[in-house]
Structure formats: C-alpha cells, structure tokens
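Visitor: Could you please walk me through this protein?

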Amino acid sequence: MRSVAIVGANLAGGRAVEALRQAGFDGRITLIGEEPWRPYERPPLSKEVLWDPANVPDNFFLQNEAWYDDNRIDMRLGTRAEAVDLAAGGVRLSGGELVAADKVLLATGGHARKLNLAGADCANVHYLRTRDDAARMALDLLEGARIVIVGMGVIGAEVAASAIKLGCDVTAVEPLAAPMERALGQRFGHWLGEEHRKRGVKTHFSRGVTGFKFAEGRVSAVELDDGALIPCDAVVVGVGIVPATSLALDAGLAVNNGIIVDRRCQTSNPVVFAAGDVAEQDGFFGGRFRQETYQNAADQAQAAAMAMLEREVDYCRPMWYWSDQFDLNIQFSGQIPVQAEVVLRGDMESNAFVAFFLSGGTINGMLTVNRAPDMGIGKRLVERRVKASAAQLADADVSLRDVLKQAS
C-alpha cells in the first residue's frame, strides 16, 4: 500500500491518520474534510465552546498544525469529496480532481437530523454538530434569553445544562418520559430529569413539537402536541443524526443503518473501510448497530488503520460514553438488558453512585455518577462478562478490583 485517502477530517479521521504514522506507514496520506478546521474534539462543543466561543480549550484540536506538516499529511480542508471512484482508484473531489489511493477510509460521520416542520431552518433554530454550529448557537445563548431545547438525548441535555450556566431561561421538550431514557433506562432517566428541574430547567416530557410561531422571520414560540405554546428567543434541536452514507451508496457499497463493516472495519469492497458514527458494526451483545460515541470513533478508526496495513484486527467492543451536565459526571458502559436486575452501590440522592445492570448474574451494563474511578474497572467487568452476586456489587466495602480478580 502506497497511499491512503481518508474522507472525514474529524475525530475518527484524525485518529486514523495518527495510527497509520505511528505504525510506521510511510506512504501518502490525504485527509479530506468539508470543514475548514483540522480534526478537533466534539465534546467541548456543547460545553466549553458555548461558554466562551472566543477561547476554545488548549486541547480542542487533536494535533497542532505543525504535526500534520511534520508527518507529511496532505490536508484538503474545506473540500467536499464527491465520489469514491473505484474504477479510477481513489476519491474524486468537488472540483473533479482525483485523489489516487490504494485504500480509502470513510469516516464521514453524520448530519444533525432536522425537524420536519416549517421554519426548521430559521436562523434562530440551532443544530449542534460542528464548531461553526456551536459558534452560531452561542450568539443566542445570552443571559435571560428564552431557549427551548427539543430532544433531551445527550446533546440536548448537555446544551440545557450549558444554557442554565449562561443564565438562560430554559425549557426542554422530550417525547419520551425522561431525558436520555434510551441510554439510561426509565429509573435513571427520571433521576436525571429531576436533577435538571432542580437546577431550573422547565421540562415537558412525553410531549412532541407540532409547529413554530414566527415573528420577523424568526421562531417566536414552539407549539406542543397538547396545544401549549412556549415563547422563545431561540430553539436548540437535538434529535439525533442521519449517517452520511451517500458516498458509500453511490459507490455500490452495502449500506443499512450506516455503512456495513466487518470486524476489520472493511466494507463490502475490500479496498474501502469505514469507522465512527457512520459504520454499522457487530454489536458486542449481538445484532448490528452504529455506535455514536467518542470512544468508538477513536478506537474503531485506529482499528481500521491497522486493518488497512494488513495487521490482525477483530474490533467488537461494548459501548462506553460519558456526559458532563451541571456538576454531574455520567458514564455508562455496556447495555441495559431487557428485564435487567439493577443493583445500586451508593446513594442516588447524593449524586455519587454506581448502578449495575445484570442478566443471569452477568454484568451487562454499568452506570456511574460522579464515580469516574469505578468506571475504569467497570469497563473491564462489562467487557469480560463478569458474573457477580448482587450482594457483592451493592457492598461498598467490596472492591470492584477484587470482583474483577475473582472472576479472572
């Protein structure tokens, strides 16, 4: 292999570039990205970048500009890839240029899902996916501004917390009965909803949005499915993403709810690989799905880089993510089984606890709140499918490290 083209100058694309060079690949690497920025971290977009958009954190970018020069990375930023041209052997750019490549990695991520409503593209209706999205949103998150959050998944919940921090009047609308319910389950979703209410977020759960009212070309109110009207100065929509699969579809690759890859991150064409939010992969607990998490984007991209170098790769890991909201550090690993046995360690009222989700005595999932060190062990408990008794797990005097050792 003499050349690689990576489509997506994001976390996945950036980590793949780093992995290729660290593994000793000395050929040509072209990194193609639609944004004008070199690869950066997305988690700060809903937090630090909103708090102070003029002063992004020092570690916002994966690498400084000199690193890409020193490692001879051909950066094509602000450039759209129009096609994976398998016949010509490379990626064709918007101007018609062909970037020749022996192998291609699609790290195209996804686009924010938009509401199917008139006015969903108004200037004060915000979707958060890029640095520029965050900069535009920050202009509306002013002290006293009335902000309606539509969708209380991870992004919506984090923006709600940031808006409260900035002094906004925040109202959240969520069709499910609690924030992050799909990720946390009902019990812990309700806990999180109560924490938002305590800190000033007005909540409308089990409610949908049916329309907008307008004044001077901007959304002035949000109409709910129960007829309620919520006046607003801006709307933030967080209802998921649509995977960016068009390049794969046009190239004839197998696509379902994302670009289908095997455990080598290889698509249905042996010279094309995919990683990150766009890749539909084997699930650790069975089935196939996309993992929209920071850690998966980084780890799967590194695995794809090794696979392109013909190294041994078998990528299939349980999900792990974190979310920082207010003074809450929330981390989750694994899954919540149907009819899970839930074991609690610590006190939910103190906002410092661990929850284990068991199936047949096996730890399938683990949630920590303000107990980050426990997750360091917890990820291994989940990945190794450790069996433990409810009594052991509930007892704070029993070290999780000892539980792991006993299982080994």
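Predicted model: local features only at pLDDT ≥ 70, side-chain atom pairs only at ≥ 80, totals over all residues.

Visitor: What is the mean pLDDT of the protein?

Guide: The mean is 97, and 100% of the residues reach 70 or more; pLDDT is the predictor's confidence in each residue, from 0 to 100.

Visitor: Which element has the lowest mean pLDDT?

Guide: Helix α11 (residues 400-407) does, at 93, while strand β19 (residues 272-274) has the highest, 99. Helices (H or I, at least four residues) and strands (E, at least two) are DSSP runs, numbered from the N terminus.

Visitor: Turning to helix α4, which of its residues are buried?

Guide: In α4 (residues 131-138), R131, D133, A134, M137 and A138 are buried, that is, under 20% relative accessible area (1.4 Å probe, protein chains only).

Visitor: Why do they line one face of the helix?

Guide: Seen down the axis of α4, the buried residues fall within an arc of 160°, so they line one face. The arc is that of the directions from the helix axis to the C-beta atoms.

Visitor: What do they pack against?

Guide: The buried residues of α4 pack against α2 (48-51), β9 (125-127), α5 (154-165) and β16 (234-237), where contact means heavy atoms within 4.5 Å.

Methods
Residues numbered from 1 in each chain as written. Heavy atoms only, no water. Buried < 20%, exposed > 50% of the residue type's maximum accessible area, 1.4 Å probe, protein only.
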